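Hello,

Here is the structure for you to look over. Please open it before you read on.

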Amino acid sequence: MVTSLPPRLEIRDIVKSFGARRVVDDVSLSVMPGQVTCLLGPSGCGKSTTLRIIAGVEMQDSGTIHLDGRLVCDTVTRVPPEGRGIGLMFQDFALFPHLTVARNVAFGLTGDRAARARRVDELLEKVNLSGYGDKHPHQLSGGEQQRVALARALAPRPRLMLMDEPFSGLDNRLRDGIRDTTLAVLKEEGAAVLLVTHEPDEAMRMADEIALMRDGRIVQQGSPYNVYTRPADRAAAAFFSDVNVIRGVSRGALTLTPFGEFLTPGHADGGEVEIVIRPQHLKIDFDRAGRGPHPTPMDGTPARGTVQRARFMGRESLVEFVMDYDGSTLTAAVPGVFLPKPGTALWLMIRRDRCFVFPAHRRA
Ligand SMILES: Nc1ncnc2c1ncn2[C@@H]1O[C@H](COP(=O)(O)OP(=O)(O)OP(=O)(O)O)[C@@H](O)[C@H]1O
């Protein structure tokens, strides 16, 4: 008989208001054992409140929380935070300054002394801090302290790790390395993880699954690949990178743009649509005496524009155009250094397979 395990964490229809403001608005999600789910969204969208509700330090107005299929919290039942088997790691992870590294890691451990010592050694090795057990926190760098905090949170083998912006206090140069170490340790330990972040790069790097949150709601959930390549709406696309928006009116399932006609099936006749494209999916070609490249099935009809500004950004350059067709502005990202002078006429082509079409958004 095949039995499927229940999710490690399952929250259903969680609602929480502060005064008249609903900051968590009907949030449901689940995390399987061994899976890292990132709750991603802008500041103030309700991510931390959701995490605090799961941890048990905040009480929801309605909705349920199950861990391994067991109800731990609804409006009647409430297992206290310490009874939930949850590990916590926050930005200010505050190690105990008067305790050694080993005693910090051993803090939540029970069992006999030898078993505790073995677990401490095992974790210090996993976070590459073997031999640091007798040091005190003030003798460690920020990154090392962060790894001790990770070891401490994982030591009691929590069923679920809740992490709230755990890397945001770290130096930029350290961050990527520590993210990778943390992810490797979390995977080795088989922990189910819910990680809150406002940084798309962090979510893309760490997550098996991203839950994109906005105004208290989860607007899209899926693998990083799916969330990036099939955004639910324009704001979801724009959360991961700058985007260009080409506006038009759909007539007979076709919308006329500077790049010729686009198929826009499913949009109301006469309805405004937005064709959204990331800057790296626009291609630039040279002007050949007023002519551009030939149209292709993939890139459609090229459109002529005049360079307004070109900026070198390190890994890529951003070139801003004013389009001859309608005076609209578009930005193309090109790898390396390509800095055409303002006023230069060039041609743009658009990767049609990378465009997203949405009904028009109200203009601010
Ligand atoms: N105890 C509280 N009382 C009143 N309002 C609160 C309380 N806690 C949070 N809020 C408000 O709820 C909203 C959501 O806060 P929350 O911390 O969950 O957002 P967030 O997405 O985690 O943002 P950030 O990344 O900035 O922490 C914010 O507007 C915040 O000011």
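My notes on the fold, the core and the ligand site follow.

This is a predicted model: local features need pLDDT of at least 70, side-chain atom pairs count only at pLDDT 80 or more, and totals for chains, interfaces and linings use all residues. Residues are numbered from 1 along each chain as its sequence is written.

The protein chain holds eight helices and 20 strands (DSSP runs, H or I of at least four residues for helices, E of at least two for strands, numbered from the N terminus). Its C-alpha trace spans about 80 × 50 × 45 Å along the principal axes. Of the 364 residues, 33% are buried (20 or more other C-beta atoms within 10 Å of the residue's own, C-beta atoms being placed from the backbone).

The largest nonpolar core has 78 residues, and V105 and L194 touch the most other members. Such a core is a set of buried Ala, Val, Leu, Ile, Met, Phe, Trp, Tyr and Cys residues joined through C-beta atoms within 7 Å. Helix α4 (residues 142-154) gives the largest share of this core, six residues. Leaving aside neighbours within four places in sequence, V105 is in contact (C-beta atoms, placed from the backbone, within 7 Å) with V120, L123, L124, V148, A151, R152 and A155.

Around the ligand sit F18, V23, G41, S43, G44, C45, G46, K47, S48, T49 and H198 (C-beta atom, placed from the backbone, within 6 Å of the ligand). Helix α1 (residues 47-55) supplies the largest share of this shell, three residues.

Best wishes

How values were computed: Buried ≥ 20, exposed ≤ 12 C-beta atoms within 10 Å, placed from the backbone. Contact = placed C-beta atoms within 7 Å.
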